[in-house]
Amino acid sequence: MTDGVTQQKKSFNDTYSRAENWSYWDSQDPLTQYLLTRRLRIAVDRVMQITQASPADWNVLVLCGGVGGEGSFLANYGFKSVTVSDISETALEACNKRDSRLETQVINAEQLELPNESYDLVLVQDGLHHLPRPVLGFTEMLRVARKAVIVIEPHLGLVANLMGTTWENHGGTVNYVFRWNALLLKQVTQSYILKSPCSIQAIRLWNHNLLMAKVGKILGGKQGAVLAVKSFYFILDWLFGWLGNMMIGIVIKYDTQQ
């Protein structure tokens, strides 16, 4: 394990040892839950729509999954089995405690010690940009996925250049916030899987949860705030989606033997 990865693992173990850094995943506040799962629902709904599949027939691997917030969403969605992976043992210990439905595995996302096509769906949310080599993490996802890959990461563009964070610091570990776009997603995918038949989609959208959470609190929270925030996001994505700061990347791999 390289010194950088070792330091990253240490800093994330320290972060996840304090419940206040992840307890929001178990909040009962409807606005908090909506903000946490909005991008996931858009992504998974689209994959299920394209494939016409039932989640009950698929198993899922979540990369950089921390304490399992994304994993809980997927289990609630109805997937057959969900495995949450992370480099931090402390995070996965918390994951096991907070949701017994989830399987866990300590994994370096840049080097998945898993067979080819061992999971139907491989998903990451806000995790690849923590890696020293984000593109390598993505190609590992392509290798391990049997049917689909979902990547939810920052989008490259004007808004990111003007307002986005370039460097993140987690307990002394600094990482560059790598950003994607449709062309990069397509080129990396096709260069890896070559001529294998697939569908590649990049959904660009807005995501400013801290700001929207403040708006929701001003509006009093609860379901009324959720409706208002949904409306704000709808208008932003409808009118200015081409400037969105977030990308949902979807790759569907087609089985030519069927």
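## Surface patch

Phe 234 belongs to helix α9 (residues 222–240), helices (H or I, at least four residues) and strands (E, at least two) being DSSP runs numbered from the N terminus. With a relative accessible area of 56%, Phe 234 is exposed, where exposed means over 50%, buried under 20% and partly exposed in between (1.4 Å probe, protein chains only).

## Basis of the model

This is a predicted model, in which local features need pLDDT of at least 70 and side-chain atom pairs count only at pLDDT 80 or more, while totals for chains, interfaces and linings use all residues. Residues are numbered from 1 along each chain as its sequence is written, and side-chain values use heavy atoms, with hydrogens and water left out.

## Surroundings of Thr 83

Thr 83 sits in strand β2 (residues 81–86) and is buried, at a relative accessible area of 3%. Leaving aside residues up to four places away in sequence, Thr 83 touches Val 60, Leu 61, Val 62, Glu 103, Thr 104, Gln 105 and Tyr 119, contact meaning heavy atoms within 4.5 Å. The side chains of Thr 83 and Tyr 119 are also joined by a polar contact of 3.5 Å.

A polar contact is a pair of N or O atoms within 3.5 Å; within protein, one must be able to donate a hydrogen and the other to accept it, and residues adjacent in sequence count only if both atoms are side-chain atoms.

## Salt bridges

The structure holds 11 salt bridges, each defined by a side-chain nitrogen of Lys or Arg within 4 Å of a carboxyl oxygen of Asp or Glu. One of them pairs Glu 89 with Lys 9 (2.9 Å, N to O). Glu 89 lies in helix α4 (residues 89–98) and Lys 9 in helix α1 (residues 3–16), so this pair ties together parts that are 80 residues apart in sequence. Glu 89 is partly exposed, at 31%, whereas Lys 9 is buried, at 16%.

The side chains of Asp 120 and Lys 147 also meet in a salt bridge (3.8 Å, N to O). Asp 120 is in strand β4 (residues 119–125) and Lys 147 in strand β5 (residues 145–154). Salt bridges that share partners join Asp 120, Arg 146 and Lys 147 into one network.
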